[in-house]
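Trainee: I would like to go through the labels used for this structure and ask what each one rests on.
Mentor: Go ahead.

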Amino acid sequence: MLALKDITNAVLAYHPKADIDVILDAYLFSAKAHRGQSRDSGEAYFSHPVHVAYNLTKLRMDENAIAAGLLHDTIEDTLATPEEIRSMFGDEVYQLVEGVTKIGQVEFASQEEKQAENYRKMILAMSEDIRVVYIKLADRAHNLETLGSLSDSRKKRIARETLDIYAPLANRLGIGWLKADLENNSFKYLAPKEYEEIGNQVRQGEDQRNKYVEEVCQVLMRELEEAEIPGTVIGRPKHYYSIYKKMRDQDIQFEDVYDLSGVRIITDSLKNCYALLGMMHALWKPIPGKFKDYIAMPKPNMYQSLHTSVVDSEGQRLEIQIRTEEMHRVAEDGIAAHWHYKEEGKSGTKKLQKSLPWVGKLLESQKEIKNPKEFLNTFKVDLFPQEVYVFTPEGEVVALPVGASPVDFAYQVHTDIGSHCLASKVNGKIVPLRYKLKNGDHVSILTSKQKTPSRDWLSFVKTSKARNKISGFLNKAEREKSLRLGRELLEKEIKKLGSKPAAVFKAPAIEEVVSTCGCNSLDALFLGIGYGKISAHHVAEKLLPKEALEKLKQSEDVRVKVKQKTPPPARGTAIKVKNFDDEILIRMGKCCNPVPGDEIVGYITRGRGVSVHHVDCKSVVGLATEAERRVEVVWDQIEKLRYSCQISIVTEDRAGLLASISGVLANNDVNISRANVHQGGNNRAYFDLDIDIQNLDHLQRTFEKIRQVEGVIHVERVWESQKKGQKPRTPSPSAKNAGSIEDQKTALH
């Protein structure tokens, strides 16, 4: 186990004036607080905070951050109190410990909700004191190294979260070595077979590659000496996960990954970086399109370097990176290593915050997102720094995500320009607003005060800022429409009951009725009616005096009730909307036709009640941020009701199969309401059917029977949006014999 001396020696090596006493006190306090506690592996729990503190020395953190690393679990996992931490170690250490403790402390209804809230807290912590996130990263790094004793499901959950969030976060902060460690350790648990295969392949040719890199380094050092340019040349091996990612993204084999090893040249000045680049291109032939200048245009994490790929005299590819010593320090340890000891105390932290403006932008862009799934998606997008660089008409550089559009550019420049974006010019030519910007594009935006954001923009914008601003405008517009509609509907009902709306709205009873309906204002009542949550007729009856209602009822003609014949079992809507009365109108989404057993979600439509959709239906993706329109719906199973469902069947093209399939459906109590059969290539026939079923289990049983028909190759459920203009997809050879009911349920969803 690491000792206190390992930590203090490491700190003094990069910060000779550090206050070691605070680290010593924190070490003793933590050891006492965690006495008798063990980790899942059986190891003493105290070993964890010690390793976290040591990881923080590798991140070149100050003594207060390292003390907080030693104490980070004391408030949550021991009998130590916040007051003790504050009184013994001061406000700064206490706030760091409290910041780490708050992340992940509160319980939530779902894992997704919990994860989203933890990331919100992490963003807030970054904006207040970036060191909180450094402690969290150091904590995660050690947890990932000690996953061996956990269950497979916990290992994979922690590894997936690390790969999705913490590794990109380390990358955004510019901590190259930590990003590589987090990715490799996560990869080991998420794909152990692939990890082992790549490891074996790397080791097989390792001696030969090392020999080649050593020869290249010697050649380059001679070139530097002859040119009298100071510098060092070192090898740069590629870690396992980056190899795997390149193979996956480019769909290539291990043998085709040419940059398993590269070289890095570290020199003394910016001028010499470009001089060395010229030397490399004179020495070996550069590969077109493989040069990147991150010095002129740094990455958002402040990373700077020249990257070029060349072909040497023997035809072998080689990647070369060129940078200064300062650039190398920032690339390896992050921007924090650059600032911490050039400024004292909080001023250094504040300067660090200013050097990472994306933290503030991240915080601003996430404030208005309420839906956990939408929040997690935008948070992950913001963490991945794959970017294109474009120019404003004034020549300023704007960094945007890969695939960004002129609308993203407009919102990045100014919200008003984005909101009134009419058209765009790229390199002097008018282009569509959904055009994907490329590196070096010169972009200008044409605006109009009459132009407003369109819902269609949400289908192609990439930045969270653009998405949030567009959604905010659309939500506001929808709210105004619903407010107007709600007022109109209520006025109409009041007039039907023989009263004047203006007088009723001024009556003393209005406040009591508003409160009874669970609203805090008259506008909120109008909104509830406009969204379909509240019945306008019931509100109107509550607003009028009982005497007036009785008089109105007596004057009405007696209506004859005609007893209707009970309809036969047909398509139905056996749905309950939680927290609403039974009279609310419910419509099943025609785009996905959910059936009992499917996971469903309800959205309040304007004037048409609640529309029910499958949770994965594409029609509700654009509504994900409109939390106020979302309602919880559940199946209220009624066996006699039937539900429409679209299915596709692929068969051999032979006579009699339609009759066989129809017979199976009839025997399984399934009615065909529409059928479309056509021939295809490769001796295939395609059946596109609408059938009426009771629930998901009924559908699964039906699929089992259809699969047993000789000549049937594949059967699957499709949604209307997938059907239009498309043939059923051709299945893999194993699709016909799809396995368990659970496998089929997954496929259905």
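Mentor: Start with Ser309, which sits in strand S5, residues 306–311. Keep in mind that this is a predicted model.

Trainee: Why is the pair of Phe505 and Phe526 called edge-to-face?
Mentor: The ring centres are 5.5 Å apart and the planes stand at 65 degrees. Planes over 60 degrees apart count as edge-to-face, so the label applies to Phe505 and Phe526.

Trainee: What makes this pair a tie between separate parts?
Mentor: Phe505 belongs to helix H23 (residues 501–506) and Phe526 to helix H25 (residues 522–531), so the pair ties together parts 21 residues apart in sequence.

Trainee: Are Phe505 and Phe526 buried or exposed?
Mentor: Phe505 has a relative accessible area of 12% and Phe526 has 1%. The cut-off for buried is under 20%, so Phe505 is buried, and so is Phe526.

Trainee: Which residues form one aromatic cluster?
Mentor: Phe187, Tyr195, Tyr240, Tyr241 and Tyr244.

Trainee: What is the average pLDDT of the chain?
Mentor: It is 78, and 78% of the residues score at least 70. Over residues 556–572, however, pLDDT stays under 50.

Technical notes:
Residues are numbered from 1 along each chain as its sequence is written. This is a predicted model: local features need pLDDT of at least 70, side-chain atom pairs count only at pLDDT 80 or more; totals for chains, interfaces and linings use all residues. Side-chain values use heavy atoms; hydrogens and water are left out. Rings of Phe, Tyr and Trp (its six-membered ring) pair if their centres lie within 6.5 Å; planes under 30 degrees apart count as stacked, over 60 as edge-to-face and the rest as tilted. Helices (H or I, at least four residues) and strands (E, at least two) are DSSP runs, numbered from the N terminus. Buried means under 20% relative accessible area, exposed over 50%, partly exposed in between (1.4 Å probe, protein chains only). pLDDT is the predictor's confidence in each residue, from 0 to 100. Contact means heavy atoms within 4.5 Å.
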